[in-house]
Structure formats: C-alpha cells, structure tokens
Amino acid sequence: MLALRFTPLVFTSFLLASDLARGQTVFVDADLTTGANDGSSWSNALQGSAGLRAAFDQVQPGGEIWITEGTYFPSDVVDANATFVLATDDVTIRGGFRGVEDTPLERPPRGESPTVLDGDVAGNDAAGLFLDNCDTVVLLLGASPTLDRVDVVRSGAFGVGIAALVREGDVRIQDCSVRDARAVGLSVVPVSTGPASVEISDCHVEGSAVFGFRLSGGDGTTRFDVERCVSANNQTGFFLESAWPRDTVLRNCIARDNREYGVRFLANEPDEGALVQGSTLANNALRGLAYEPTADTMSPGITVRNSILWGNGGPGAGALEQFEGEGVGPQLIFSSIVQGATPSGSLYAFDPLFVDAANGDYALQTASPAIDRGDGAIVDEGELDVVRRHRAVDIAAVPNLGPSSMDAVDIGAFEFSGAIGDNAGCAAELNSTGRAGRLFAEGSVVASSNDFALRADRLPPGQFGLFLASQQRGFAPMTGGSGTLCLGGAIGRFNGAGQIQASSTEGTLDLDVDLTAVPQPASLAAVQPGETWVFQLWHRDVVAPVGATSQFTGVAAVRFE
C-alpha cells in the first residue's frame, strides 16, 4: 500500500510566511465602501485610488501591499507630477487579488483579475490629449522592492510606466505589463554605486513612444537578468546601457515589430558578459540587435545563443540589418538562425517558419527548422520558454541536429511541443536521476471535448507514481520525503483502478484523464469552462544514503474553456 506522507497541514507558502513575519500586509480594494478603511484586512481594506496611495505611504519595511482587481489613479485631479511612490525599503506590491485570498497562491491566474494603474486621470487619451497624464505612474525608490502582477497604462508625454531607481539589494519586477507609455514603458536605473541585482520576468511592454524596457547598469556593478519578457510595437524594444554590460542576460524573450531596434546595447567596455539566449528578435524596422560603443577601442562583448534574428530591417534585408556593431558578429553567434547570414558551424539562414508573424504570433510551425536544433547544453534545469512551458522538449519525429548530445532544445523564444497550459510557479527538486521531474498537460483546453492527458518525464525508472489535482496552488515542503507539494485547498488523487502506475524504463509516466470525473477528496468533479486546474505527480524514489523516499515533479496548470 502506498503511504502518501504529504503532511497537508499547511498550504500557505513557506516563502510567504517568512515574508509576513517581517512586516505587515496592507490590503487595498478598488470597490469596497464598507469597513474601517484602515488596510488591516480585506473587509477593512483601504478603498479605491486614495486607499492605494495611502498604502504606499503607510506600508512598513518588510511589508506587503495586496491590491484587488480594478483601476487605480495616482491622483484624483489632473496632475502630471502625481505618481504612486514607494519610498520604503524591502516592500512587495502584489496585484491580481479578488479580495478573499489568504495567500498570493490563491489568486486567480494572471490576467483574470487585473490590477490596473492608470496615468490617464482625465480619461482623454482617446482624444489625443496626453500632456495631462501622470508622467510616471509607478516609482520605486526604496531598496529591494518587488512589484508583482500589476498592469500599468497610459503614462504622460514625457513619462515612464514603471520606474525603479536602484539603491541597493535586489529589484524584482514580475508578471507585470505596461501599455501606451508616452516615453518609456519600464525603466530601471541605479542611483548609487555598489552591487545590485535586477530580475525582470514575465513582463510585457507594448506601445511605448520611445523604449519598451530601458535598463541602465551605471558603473557596471548592476546585474540584469531578464526572463520571458516581450517588448512589441515600441520605438526600441530593449535598450540596455552600461559602462560594462557584464552579467546582462536576456533569456527566452521576444523583441518584435518595434519601430527601430529590437535590442540595442550602448556601452563603453564590454567584457563578454552580455548574453542574448533563447530569444526571438523579429520584424523590427531598423535592426534586430545593435551594439553601440562609446569608446574608441572595443572588444567583442555580446554573445547570442539559440536565438532567431529574422525579418529585421524590412523585406529583403540581409545580415547587416539583423545585427550590427563591433561588439556582436558571426564569431559570437552560436546555434542561431540569422536571416541573410553566411551559414557557418551552428549559424543558419533557414526561414524559421513562424506561425503567423503578420499578426504577432512568433511560435514555430510544425515544419520549422528551428525545432530540436539548439544547444541543449546551455539550457538550465527547469528552464521555461516565453509562454512558461518546459524547455528541451524532444520531438521524436525530428532529428536532433543541435551541437551537443544534451536534450534537444529549439531555437528562439518558443519551445515547440504538444503541451498546453504552463509549468511555472513551483520548481521541482532534483531526484535520483540528477534531474528534476517534469509534468506536461496535453490534449485540448476545451473541457467539453474531454481530450486531456498528463505526462511526466525525467523520473527514476520503475517507481510508483500518483497524479494529483486541485483548483488551488500551494507550497508545502514535504516531511519524511523530498520535494514540495505545490497544490493547496481540496487535493484529489488519481488512485482509481489502473491509475497508480510505475514509471517506464525511460523514466516516463502517462495518464489519460476523464474531465467529467476528476477526483476530489469527497467526490468526482467535472471540469467546467473557465476553471483553472493545477496538476502534479507524487512518486517514489531511492536516494543514497537515505534509501526509499518520496518526491514531486513540477506542476502543469491549465485554464479550461
């Protein structure tokens, strides 16, 4: 008999619990009109735009601000100088709540309950009146801020959607979007010397008059790690300037359809630390990637790997329009597709066959030569593509033509696979194979089609596994085993006849799921359109010197239609 030692007494996030121990949480609700209006709970949340401005002022170091869906303005009157200013250190701002959650993990999927910060206080942008907009909508001044799941729209004629002035520590901006900034969408600039780390992930910036992302490294001590971000229909997609662009990483990103550059580096002493990897720079009107030195003597410094540079410079453009500058050239481009380039080694000039570039879809068609041609040796364990699906997915019908013997990975920002949903939110630990178990959801997101399956790989062979399902995320490190249970709330176990299986000799395990009968603790549930379900696999493992133990894969989350 399988003993499942989940110890499900805590479904709140271990990380969240440590955050809350350091400071208060201030609650803000866009529509609430009752309660104490003091921010102490959802029922007493600070109310509306004025409440959010008050929350920025009253939050304490180490605290958090939780904001419900709705629209908030930096001012109640037209004031170009008004902004949401956070001056307190070590504060996390989280949006996307419905106003009932106990943890951020209980929020609905991103996009379903948007928290919108709007700089068009007068509501007259449709008439072409931008000068009265708030120049900067959100300004992060404190050390080590985190901005999570906030959408910013319509900054002023000279302004910025989201601006962070790096003083010290870590800056994290994740799951955010900026639309129609009249100058810069998202800007991060250091204001003091000393090491700092900037992590920007899963952010989308579109429609900025100048730069989508403007990232300044100052004296070169600031590290930028930009993951799974999209910059589209701006003047320049990503503008990176630094004395030394070392440790600047742009990974699994898209720069598309920008009016000038996709990615533009401006630096005076490259140290071969700047990296563009697993990204797609396409259909930018002037150049895909440009490096502009500010000193007379330069050495190459921008490395490009597993990326696509295509369609930049307009119809018929060649390699010179795809990239330019002393700090980037064929000698620093590896396992990539570059239009008009002279093929050499792992530099290719094949048409990548995007699904529908004319309408902004830069995923790969079934016959794309980018599939299984990248260098898998440089892909990190657990890495996700731009839509947060597993990297290094081997397509059996396609020969593996990459330069290494590692798992086949695709070139560009999208990994071609039959998976649906996404795999973000809870990284799996390494099991006895030395790799982390992965879970894929496959089939159709249309609930009524009842065409759905789960597939796990990178498992220890010959070990029993049990699939789990819930409509809520969680975070509970195991006791008596390894790994983390990433589901919360009511967790169902697929333990019916034939559902508990042993992994194959290749370390895989599959299950066809009947969407009319998904197990829950007390019954079977039929999946309904609009519901999001999260799945995970628990499995046995044997790890020396411990012996028999338990482990979890990562998750697959699917929103059904």
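Me: How many aromatic pairs does the structure hold?

Reply: The structure holds 12 aromatic pairs. Rings of Phe, Tyr and Trp (its six-membered ring) count as a pair if their centres lie within 6.5 Å; planes under 30 degrees apart are stacked, over 60 edge-to-face, and the rest tilted. Before we go on, this is a predicted model: local features need pLDDT of at least 70, side-chain atom pairs count only at pLDDT 80 or more, and totals for chains, interfaces and linings use all residues. Residues are numbered from 1 along each chain as its sequence is written, and side-chain values use heavy atoms, with hydrogens and water left out.

Me: Why is the pair of F211 and F239 stacked?

Reply: A pair of aromatic rings is described by the distance of the centres and the angle of the planes. The ring centres of F211 and F239 are 4.4 Å apart and the planes meet at 5°, so this pair is stacked. F211 belongs to strand β17 (residues 211-216) and F239 to strand β20 (residues 236-242), so the pair ties together parts that are 28 residues apart in sequence. Helices (H or I, at least four residues) and strands (E, at least two) are DSSP runs, numbered from the N terminus.

Me: Are F211 and F239 buried or exposed?

Reply: Buried means under 20% relative accessible area, exposed means over 50%, and partly exposed is in between (1.4 Å probe, protein chains only). F211 and F239 are both buried.

Me: Which residues form one aromatic cluster?

Reply: Look for F27, W42, W66 and F97, which form one aromatic cluster.

Me: Which charged end sits over the ring of F97?

Reply: A charge sits over a ring if NZ of Lys or CZ of Arg is within 6 Å of the ring centre and within 35 degrees of the ring normal. For F97, the charged end is that of R107, 5.1 Å from the ring centre. In another case, the charged end of R182 sits over the ring of F130, 3.9 Å from its centre.

Me: Which residues does T280 touch?

Reply: Contact means heavy atoms within 4.5 Å. Not counting residues up to four places away in sequence, T280 touches C253, I254, A255, I308, F354, Y362, G412 and A413. T280 is placed in strand β25 (residues 280-282) and is buried, with a relative accessible area of 1%.

Me: What does the side chain of T280 reach?

Reply: The side chain of T280 reaches the backbone nitrogen of A413 at 2.9 Å. A polar contact is a pair of N or O atoms within 3.5 Å; within protein, one must be able to donate a hydrogen and the other to accept it, and residues adjacent in sequence count only if both atoms are side-chain atoms.

Me: How many disulfides are found in the whole structure?

Reply: A disulfide is a pair of cysteine sulfur atoms within 2.5 Å. A search of the whole structure finds 1 disulfide. This disulfide joins C426 to C486, with an S to S distance of 1.7 Å. The link is left-handed, with -55° about the S-S bond. C426 lies in the loop between β35 (419-420) and β36 (438-443), while C486 is in strand β40 (residues 484-487), and the two are 60 residues apart. C426 is buried at 8% relative accessible area, and C486 is buried at 3%.

Me: Which residues touch the most other members of the largest nonpolar core?

Reply: A nonpolar core is a set of buried Ala, Val, Leu, Ile, Met, Phe, Trp, Tyr and Cys residues joined through side-chain atoms within 4.5 Å. The largest has 64 residues, and I65, I173, V188, I200 and F238 touch the most other members. A second, separate core of 24 residues includes L459, F494, V518 and A556.
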